[in-house]
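This report goes through a metal site, a single residue and a sheet in turn. Please look over the sequence and the structure before reading on.

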Amino acid sequence: MSYVSGSPIDAYCMACKRDSNHVVLEAVGLQIRSVRCERCGAEDAYRAPRAKTKAALLEFAAQKKRTSSAPKPASRSRKASARTPRTIFAELTDGMDFDTALPYSAKNALNEGDLIRHPIFGIGIVTARTDFQKAKVVFETSERVMVCNRQ
Ligand SMILES: [Zn+2]
């Protein structure tokens, strides 16, 4: 739809400082160049009604809030039920004396329940031997398969 001079249009009036009925003075196609306020008679550039703009902004904000808050409950519940290496490590090493941890070496045997000290990963506890030369170790921030019994 295009506007022609004399068409009525809702617009924001800078003089009235409110939305009011206006008349299009000059329009080029879809673009309204100037309008006249029917309330106070002021002629000015066309400004979209604030009510509509505000409603659109509120709707946009509401949508944004909905979409950004939607995944949160899911991630919260996932986090609450998830067993992270940190929680597993804390459970497994509860009451253990980290001073007894043996320095990790690929040459050593690793047996379930052994406490080891790795130069990079820190204190770890062996949770399972997966084969003769591999063992699962839970460190404070990660779970890893470590080699052992290498000659
Ligand atoms: Zn006005």
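## The zinc site

What arrangement do the four donor atoms around the zinc ion make? In this predicted model, the angles that these donor atoms subtend run from 105 to 113 degrees, and the arrangement is therefore tetrahedral. For comparison, the ideal angle for four tetrahedral donors at a metal is 109.5 degrees.

The donors are the SG atoms of Cys-13, Cys-16, Cys-37 and Cys-40, which coordinate the zinc ion at 2.2 to 2.3 Å, and along the sequence these donor residues follow the spacing C-x2-C-x20-C-x2-C. Cys-13 has a relative accessible area of 4% and Cys-16 one of 17%; because buried means under 20% relative accessible area, Cys-13 counts as buried, and so does Cys-16.

## Asp-44 and its surroundings

Asp-44 belongs to strand 4, which spans residues 43–45, and with a relative accessible area of 32% this residue is partly exposed. Its side chain makes a polar contact of 2.9 Å with the side chain of Arg-47.

When residues up to four places away in sequence are not counted, Asp-44 touches Met-14, Arg-33, Ser-34 and Val-35. Leu-25, which is 19 residues from Asp-44 in sequence, lies 9.3 Å from Asp-44 in space, taken from C-alpha to C-alpha.

Five strands form an open sheet in the order 5-6-7-8-9, and their pairing is mixed. Its edges are strand 5 (102–103) and strand 9 (143–147), each of which pairs on one side only.

Strand 5 runs parallel to strand 6 (residues 115–118), and the two are joined by two bridges: Leu-102 has Ile-116 as its bridge partner in strand 6, while Pro-103 stands opposite Arg-117 of that strand. Strand 6 in turn pairs with strand 7 in the antiparallel sense, over four bridges, and Leu-115 stands opposite Ile-125 in strand 7. In general, the strands of a sheet pair through backbone hydrogen bonds, whether parallel or antiparallel.

## A helix across the sheet

Helix 3, made up of residues 85–92, lies across strand 7 (122–131), strand 8 (134–139) and strand 9.

Conventions. Residues are numbered from 1 along each chain as its sequence is written. This is a predicted model: local features need pLDDT of at least 70, side-chain atom pairs count only at pLDDT 80 or more; totals for chains, interfaces and linings use all residues. Side-chain values use heavy atoms; hydrogens and water are left out. Buried means under 20% relative accessible area, exposed over 50%, partly exposed in between (1.4 Å probe, protein chains only). Contact means heavy atoms within 4.5 Å. A polar contact is a pair of N or O atoms within 3.5 Å; within protein, one must be able to donate a hydrogen and the other to accept it, and residues adjacent in sequence count only if both atoms are side-chain atoms. Donors are N, O and S atoms within 2.8 Å of the metal (3.2 Å for Na, K and Ca); water is not among the atoms, so sites may look incomplete. Four donors count as tetrahedral if all angles lie between 85 and 135 degrees; four count as square planar and six as octahedral if opposite donors are over 155 degrees apart and all others between 65 and 115; anything else is irregular. Two strands pair if DSSP finds at least two bridges between them. Axes are lines fitted to C-alpha atoms, for helices over the stretch in contact, and angles run from 0 to 180 degrees between N-to-C directions.
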